[in-house]
Amino acid sequence: MHLTMRWGLLAALCLAATVAGAQESGTIRGTVYVLGNEPLPEALVEVVGTQLSAVTNLEGQFEIKGVPPAKHQLKISFPGYKDITLPVEVTADEVASLEAD
């Protein structure tokens, strides 16, 4: 895999945002893939405008806890790739999912 590939080759990014009813914060979970459904380890995933972030594991998975319920922008970056920013909404008692090609 050539590291100068662009995020446009991102095959799928699956996110799930969940919040327990009595809590005032949520969790964003997801997996970052590149073309061919290959997981992308060690990508930085940040909730824009906050101090919240995570790094994907060897399976491309991440989890960010303590996210305030609201519409957010999620920034994904990896050396040699163009950064991508995607919308995600954290809503109490609901699960949101997102796929990006």
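Among contacts in the chain between residues at least 6 apart in sequence, what share joins residues at least 24 apart? The figure is 54%, where a contact means heavy atoms within 4.5 Å. Keep that in mind as you click around.

**Before you start**

You're looking at a predicted model, with residues numbered from 1 along each chain as its sequence is written. Local features need pLDDT of at least 70 and side-chain atom pairs count only at pLDDT 80 or more, while totals for chains, interfaces and linings use all residues, and side-chain values use heavy atoms, with hydrogens and water left out.

**Stop 1: the whole chain**

Show the chain as a cartoon. There are zero helices and nine strands, so named from DSSP runs numbered from the N terminus (helices are H or I, at least four residues; strands are E, at least two). Read from the N terminus, the order is β-β-β-β-β-β-β-β-β.

Of the 101 residues in the chain, 37% are buried. Buried means under 20% relative accessible area, exposed means over 50%, and partly exposed is in between (1.4 Å probe, protein chains only).

**Stop 2: colour by confidence**

Colour by pLDDT, the predictor's confidence in each residue, from 0 to 100. The chain averages 76, and 67% of the residues score at least 70.

**Stop 3: the nonpolar core**

Which residues touch the most other members of the largest nonpolar core? Select Ile 28, Leu 40, Val 45, Phe 62, Ile 64, Leu 74 and Ile 76, out of 19 residues in this core. A nonpolar core is a set of buried Ala, Val, Leu, Ile, Met, Phe, Trp, Tyr and Cys residues joined through side-chain atoms within 4.5 Å. Strands β2 (26-34), β4 (44-47), β6 (61-67), β7 (70-77) and β8 (84-90) each supply at least two residues. Strand β8 gives the most, with four. As background, nonpolar side chains in soluble globular proteins tend to be buried together.

**Stop 4: two rings**

Select Phe 78 and Tyr 81. A search of the whole structure finds one aromatic pair, and here it is: the ring centres are 5.3 Å apart and the planes sit at 80 degrees, so the pair is edge-to-face. For the cut-offs, rings of Phe, Tyr and Trp (its six-membered ring) pair if their centres lie within 6.5 Å; planes under 30 degrees apart count as stacked, over 60 as edge-to-face and the rest as tilted. Phe 78 is buried at 16% relative accessible area, and Tyr 81 is buried at 8%.

**Stop 5: His 72**

Move to His 72 in strand β7. Is His 72 buried or exposed? His 72 counts as buried, at 11% relative accessibility. Follow its side chain to the backbone oxygen of Pro 68, 2.7 Å away. Beyond neighbours within four places in sequence, His 72 is in contact with Val 47, Val 67, Leu 86, Pro 87, Val 88 and Val 90.

**Stop 6**

Find Glu 42 in the loop between β3 (38-39) and β4. Most residues other than glycine have a negative phi. Glu 42 isn't a glycine, yet has a positive phi of about 65 degrees. Glu 42 is exposed, with a relative accessible area of 59%.

**Stop 7: distances to draw**

- Gly 30, in strand β2, is buried at 10%; its C-alpha is 8.2 Å from that of Gly 60, 30 residues apart along the chain.
- Gln 51, in the loop between β4 and β5, is exposed at 81%; from its C-alpha to that of Val 67, 16 residues apart along the chain, draw 9.9 Å.
- Glu 89, in strand β8, is partly exposed at 37%; Pro 68 is 21 residues apart in sequence and 9.7 Å apart in space, C-alpha to C-alpha.

Note on methods. A polar contact is a pair of N or O atoms within 3.5 Å; within protein, one must be able to donate a hydrogen and the other to accept it, and residues adjacent in sequence count only if both atoms are side-chain atoms.
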